[in-house]
Amino acid sequence: MSGTASLQKDANIVVLGTDSVGKSALTVRFLTRRFIGEYGHIESIYSHNVMLDGREIVFNIWDFPFSQELPSGTYTKDKRIQWADGFILVYSICDRASFNGIVRQVQYIKAAKDFIDMEKVPIVIVGNKRDLHHQRAVSSEEGQLMALATGCQFHEVSAAENYHSILMVFHGLVDRLQEGRSVTRRPTGIKSIVKSMSAVFSRRRTDSV
Ligand SMILES: Nc1nc2c(ncn2[C@@H]2O[C@H](COP(=O)(O)OP(=O)(O)OP(=O)(O)O)[C@@H](O)[C@H]2O)c(=O)[nH]1
């Protein structure tokens, strides 16, 4: 807003997770503070400026499904993975299959990032729909253990009920991102980011991505 920000950084964040875990709900909650209820199935990139501890951060958030089987080797060409600085992996605490998918997603991301020699990959695992405790199928402890085992951060949240817990997810990720940036910077330039974003804006999600 004003020109007084001491530092401006961009943060490219990809939100992953199987169908209906609340990826869009979480993203829209962060962007607007609101929970709308229904979000459709459009793959989207959002841009959002936030002041964090005196720094202006431009969040570019790419919300896309990860339900397809991913043949080994494709990660080297996966622009979405290469584009991202950090990842939010979402599962629903009511859906064990969505939780089981997280390990595969972490492995996929780490393999892709290893390929471009990135030392640290900031990943946050998020158990969503905490408000539906009567339908819980995954305990908090399981989520925490998974995060510990994979070297990720962990949060349990309810996009439906709570804005602040969602804010903490994004803040935590940015903190890890800043740490990682002092170590390395990925080679992806602004041109490829613009290309990737254009590709997404011009197409709807299909099951054959
Ligand atoms: N009770 C509850 N429902 C939620 C929560 N988050 C999302 N939902 C609901 O779960 C459904 C799916 O939410 P979405 O945000 O569309 O999920 P998504 O992962 O983006 O889904 P896809 O685009 O199909 O992959 C919607 O009906 C939401 O209203 C939550 O924290 N609590």
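Reply: First, a term: a residue is buried if 20 or more other C-beta atoms lie within 10 Å of its own, exposed if 12 or fewer, and partly exposed in between, with C-beta atoms placed from the backbone. Helices (H or I, at least four residues) and strands (E, at least two) are DSSP runs, numbered from the N terminus. This is a predicted model: local features need pLDDT of at least 70, side-chain atom pairs count only at pLDDT 80 or more, and totals for chains, interfaces and linings use all residues. Residue numbers start from 1 along each chain as its sequence is written.

Me: Which residues of H1 are buried?
Reply: H1 is largely enclosed by the rest of the structure, because 8 of its 10 residues are buried. The buried residues are Lys23, Ser24, Ala25, Leu26, Thr27, Val28, Arg29 and Phe30.

Me: Which element gives the largest share of the shell around the ligand?
Reply: A residue is near a molecule or strand if its C-beta atom, placed from the backbone, lies within 6 Å of it. The ligand is surrounded by 20 residues, and the closest are Gly22, Lys23, Ser24, Ala25 and Ala160. The largest share, 3 residues, comes from H1.

Me: How many residues of the shell around the ligand are charged?
Reply: Ala, Val, Leu, Ile, Met, Phe, Trp, Tyr, Cys and Pro count as nonpolar, Asp, Glu, Lys and Arg as charged, and the others, Gly among them, as polar. The shell holds 7 nonpolar and 8 polar residues. The charged residues number 5.

Me: Is Arg33 buried or exposed?
Reply: Arg33 is found in the loop between H1 and strand E2 (44-52). Just after H1, Arg33 takes a positive phi of about 70°. Because Arg33 has 11 C-beta neighbours inside 10 Å, Arg33 counts as exposed.

Me: What is the phi of Ser20?
Reply: Ser20 lies in the loop between strand E1 (8-16) and helix H1 (23-32). Ser20 has 16 other C-beta atoms within 10 Å, so Ser20 is partly exposed. For this residue other than glycine, phi is positive, near 65°.

Me: Why is E4 largely enclosed by the rest of the structure?
Reply: In a regular strand the side chains alternate between the two faces of the sheet. Both faces of E4 are covered, with Gly86, Ile88, Val90 and Ser92 buried on one side and Phe87, Leu89 and Tyr91 on the other. Strand E4 (residues 86-92) is largely enclosed because the buried residues are 7 of the 7.

Me: Which residue of E5 is the bridge partner of Phe87?
Reply: Two strands pair if DSSP finds at least two bridges between them. E4 and strand E5 (residues 123-128) pair in the parallel sense over 6 bridges. The partner of Phe87 is Ile123.

Me: Which residue of E6 is the bridge partner of Val124?
Reply: E5 also pairs in the parallel sense with strand E6 (residues 153-156), over 4 bridges. With helix H4 (residues 140-150), E5 and E6 make a right-handed β-α-β unit. Right-handed means that, with the strands pointing away from the viewer, the path from the first strand over the helix to the second runs clockwise. The partner of Val124 is Gln153.

Me: How far apart are the C-alpha atoms of Asn60 and Asp10?
Reply: Asn60 is found in strand E3 (residues 55-63). Two residues are in contact if their C-beta atoms, placed from the backbone, lie within 7 Å. Not counting residues up to four places away in sequence, Asn60 touches Asp10, Asn12, Ile13, Ile45 and Ser47. Asn60 and Asp10 are 50 residues apart along the chain, and their C-alpha atoms are separated by 7.3 Å.

Me: How many helices and strands does the protein have?
Reply: From the N terminus on, the elements run β-α-β-β-α-β-α-β-α-β-α-α. The count is 6 helices and 6 strands.

Me: Which element has the lowest mean pLDDT?
Reply: pLDDT is the predictor's confidence in each residue, from 0 to 100. The protein averages 78, and 72% of the residues score at least 70. E5 has the highest mean of the elements, 97. The lowest, 45, belongs to helix H6 (residues 190-201).

Me: How many contacts beyond four places in sequence does the model have for residues 183-209?
Reply: Where pLDDT is low, the predicted coordinates should not be read in detail. Over residues 183-209, pLDDT stays under 50. The model's contacts beyond four places in sequence for this stretch number 28.
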